[in-house]
Amino acid sequence: MNQKYVLITGASRGIGRACALAFARNHFHVFLNCRHSLDALQQVEKEILDEHGSCTLLPGNAGNPDDVRKMFAIIESICPGLDVLVNNAGISFVGLLQDMSDAQWSEILNTNLSSVFYCCRSAISHMVSQKSGKIINISSMWGVNGASCEAAYSASKAGVGGLTQALAKELARSKIPVNALACGVIDTEMNKQLDEAERAELAEDIPAGRFATPEEVAEMVWKLICAPEYLTGQIITFDGGYL
C-alpha cells in the first residue's frame, strides 16, 4: 500500500490533535503543525509514535506565507506532496467590534483565513499533477450565521466558506474535492473560558443538549475524506442542530 500524507494545521490540541490521531491510526504519515504550543505538539507526536504511527513536526505560523513555504519545503523533502490537507488553525476574539485593535483584527484574519489560502496554494500543485487529493477546511457555524461579539471571527470563517466554494469549482475537474466543516460548540480550549454555569446555559441552547467532542469532529473529517469526490464545494454544518 502506498504511503499517504496529510498536513494538519493547529494540531497541538482539540480538533487538530483528534484529527492527527485519527489519520495516524488510518496509516497516514501526519505532518503536525502549530504556532505556539510546541510542548503540546510534541506530546501529540509521542502519542502517535507510541501507537506505531508516523509523523513529522512542522512548527510555524500557518498565517505567515514565509513560514508556510518553509513548511512545504520540508514536506517536499520527505514526500512528493500531500494527499490530504486539513486547515484547522484558528483563534477567536470575544468582544465588541469597536474594542478590537488593528493588530487583533489582522491576527484573526491571518490565522483563520490567510492560513487556509497559503496552505491550499502550496498544496494544490502536487494534487493537480496527480489528479487526486482532498482538502478539508475547519470552519464554524458563526461563519454561516454571524455571532454577536465575535464579528471578526465570524467574518474570517465566512471567508473560509467562500474560499472553499470557489476553490472547489477550480479544482473539480482535477478530481480534488474541497469542503468545509462548520463546527458548532466543541469541547476545546477555545471554550474553556466559560464557567460551569455558562457551559450549562449554552448546552441548553443546543438541541443535542451538549457540546461535541473533538473526536466526533475528527470522525466527521475522516468521513469526508472517505466520501466520493463528487461531494465538493460544501459547507457542512456540524452543530447538534443549533442553527
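Two strands count as paired if DSSP finds at least two bridges between them, and the strands themselves are DSSP runs (E, at least two residues), while helices are runs of H or I of at least four residues, numbered from the N terminus. With that in hand, let's look at valine 6, whose bridge partner in S4 is valine 84.

A word on the source: this is a predicted model, in which local features need pLDDT of at least 70, side-chain atom pairs count only at pLDDT 80 or more, and totals for chains, interfaces and linings use all residues. Residues are numbered from 1 along each chain as its sequence is written, and side-chain values use heavy atoms, leaving out hydrogens and water.

Valine 6 also stands opposite valine 30 in S2. From S1 the chain crosses through helix H1 (residues 14-25) to S2, a right-handed β-α-β crossover; right-handed means that, with the strands pointing away from the viewer, the path from the first strand over the helix to the second runs clockwise.

| Strands | Bridges |
|---|---|
| S1 and S2 (residues 28-32) | 5 bridges |
| S1 and S4 (residues 84-87) | 3 bridges |
| S6 (residues 178-183) and S7 | 4 bridges |

The open sheet holds 7 strands, ordered S3-S2-S1-S4-S5-S6-S7, with parallel pairing. Its edges are S3 (54-57) and S7 (235-238), each pairing on one side only.

How enclosed is strand S1? Of its 5 residues (4-8), 4 are buried, so the strand is largely enclosed by the rest of the structure; buried means under 20% relative accessible area, exposed over 50%, and partly exposed in between (1.4 Å probe, protein chains only).
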